[in-house]
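Here are some notes for a colleague who is opening this structure for the first time.

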Amino acid sequence: MRRTRTNDAIRRLVAETRLGPQDFIWPLFVKDGTGAREPIAAMPGVDRLSVDLIVEEAKRAQDLGIPAIALFPQTDPARKDAQGSEALNPDNLVCTATRAVRAACPELVILCDAALDPYTDHGHDGLLADGRILNDETVEMLKRQAVVQADAGCDTISPSDMMDGRIGAIRQALDEAGHQNVRIISYAAKYASAFYGPFREAVGSASALTGDKRTYQMDPANGDEALREVAKDLDEGADMVMVKPGMPYLDIVRRVKDAFGAPTYAYQVSGEYAMLAGAIQNGWLDRDRAILEALLCFKRAGADGVLTYFAREAAELLAAR
Ligand code: PBG
């Protein structure tokens with residue numbers, strides 16, 4: 001076996017998997033203001049950015065060959081309520097950023113989450129009654145949220161709420177609003193995970209969150225159930241599907257890709273970023289090699305691409321090679 005590992009040339013020739021900037025979707029956090037940049041404590045190297053700086057990052061993504069970004073808002077607590085009404089405001093942070101990026105980068109793929117958690121004062125992705133999530137009432141909100149985001153120029157809605165039946169409902173709402181060409185990338189197999197902690201700090205939903213999300217996000221114990229989730233979402237009209245988190249769930253990525261062959265993405269979530277970035281910061285891991293190995297392995301597991309906070313760094317590393 002070692003004859004095909006002798007040097008870099010032969011290793012490149014026999015490599016089964018390749019990693020490039022085209023594999024990345026780059027999540028960005030939007031905040032109020034102008035020229036504003038604010039570090040996120042649990043995500044060293046990632047900042048919340050005002051809309052003008054988001055546009056600069058979007059242009060950088062394009063220059064580096066990264067085809068897609070995903071936008072997440074840190075909503076002013078004064079704008080949050082139990083219904084997450086701010087999600088429907090066409091001038092909210094995500095819509096404002098989407099319009100600005102769309103104007104500057106007409107071809108860039110822009111993902112916007114359909115979920116209420118950045119907007120609710122209780123931090124849940126859906127509407128609550130007596131402490132329980134209301135499925136169908138939430139789906140009604142998500143339909144309107146998706147249309148508002150598509151109106152702003154979002155071309156790829158990413159439902160991350162895990163309500164039942166939301167993909168079909170959002171598809172129909174988009175079609176009826178004239179957005180037949182707006183795609184849906186479904187967070188189809190999304191687990192109730194401890195690894196979302198830094199993200200919730202970044203969007204400011206952590207302090208608000210009461211309880212946990214285990215009545216809608218999946219139990220990490222389950223794999224077969226992920227296939228049933230993905231089957232339903234594809235059946236309801238999802239164009240692309242996602243597995244989330246990433247690294248502890250590579251078995252799910254492989255099973256989903258093998259079972260359906262649909263465009264399949266993994267989300268290397270905030271907690272995975274924090275683990276790697278923290279160890280790199282301490283000098284415990286080699287930065288360049290750890291980042292690229294982690295991302296390459298998503299592709300080997302069957303992912304067509306990865307949502308990663310390392311997208312810019314990884315694309316720069318790959319360009320320098
Ligand atoms: C919101 C949402 C979450 C993430 C993406 N969209 C958090 C959650 O479900 O609690 C997590 C992303 C990350 O941790 O990087 N529904």
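1. The model discussed here is a predicted one, and a search of the whole structure finds nine aromatic pairs in it.

2. One of these pairs joins Tyr187 and Tyr267, whose ring centres are 6.2 Å apart with planes at 40 degrees, so the pair is tilted. The two residues lie 80 residues apart in the chain, Tyr187 in strand β9 and Tyr267 in strand β11 (residues 264-268), and the pair thus links distant parts of the chain. Tyr187 is buried, with a relative accessible area of 2%, and Tyr267 also counts as buried, at 1% relative accessibility.

3. Tyr267 has a further partner in Tyr309, where the centres are 6.1 Å apart and the planes at 45 degrees, so that this pair is tilted as well. Tyr309 sits in the loop between β12 (305-308) and α11 (311-320), 42 residues from Tyr267, and is buried with a relative accessible area of 6%. Tyr187, Tyr267 and Tyr309 belong to one aromatic cluster, which also includes Phe29, Phe72, Phe199, Tyr273 and Phe310.

4. Which residues does the UniProt annotation "active site" cover? According to that unreviewed entry, they are Lys190 and Lys244. Although spread over 55 residues of sequence, they cluster in space, with a largest C-alpha distance of 4.9 Å, and both are in the lining of the largest cavity.

5. Lys190 is placed in strand β9 (residues 183-190) and counts as buried at 5% relative accessibility. Its side chain reaches the backbone oxygen of Ser160 at 2.9 Å, and the residues that Lys190 touches include Asp125, Met162, Tyr196 and Lys244.

6. Lys244 is found in strand β10 (residues 240-244) and is likewise buried, at 8% relative accessibility. Among the residues that Lys244 touches are Tyr187 and Tyr267, both of which are members of the aromatic cluster described above.

7. The structure holds zero disulfides. For Cys105, the closest cysteine sulfur, in Cys112, is 14 Å away, which is too far for a bond. Cys154 is in no disulfide either, the nearest cysteine sulfur, that of Cys112, being 3.7 Å away, whereas the cut-off for a disulfide is 2.5 Å. Cys105 counts as buried at 0% relative accessibility, and Cys154 counts as buried at 2%.

Definitions and conventions
Residues are numbered from 1 along each chain as its sequence is written. This is a predicted model: local features need pLDDT of at least 70, side-chain atom pairs count only at pLDDT 80 or more; totals for chains, interfaces and linings use all residues. Side-chain values use heavy atoms; hydrogens and water are left out. UniProt positions are given in the numbering used here, feature names are shortened, and annotations may be inferred rather than shown by experiment. On a 1 Å grid over the protein atoms alone, a cavity is a set of points where a 1.4 Å probe fits but cannot get out, and a pocket is an open set with protein on both sides within 12 Å along at least five of seven lines; lining residues have an atom within 4 Å of a point. Helices (H or I, at least four residues) and strands (E, at least two) are DSSP runs, numbered from the N terminus. Buried means under 20% relative accessible area, exposed over 50%, partly exposed in between (1.4 Å probe, protein chains only). Contact means heavy atoms within 4.5 Å. A polar contact is a pair of N or O atoms within 3.5 Å; within protein, one must be able to donate a hydrogen and the other to accept it, and residues adjacent in sequence count only if both atoms are side-chain atoms. Rings of Phe, Tyr and Trp (its six-membered ring) pair if their centres lie within 6.5 Å; planes under 30 degrees apart count as stacked, over 60 as edge-to-face and the rest as tilted. Lists of a residue's contacts leave out its neighbours within four places in sequence.
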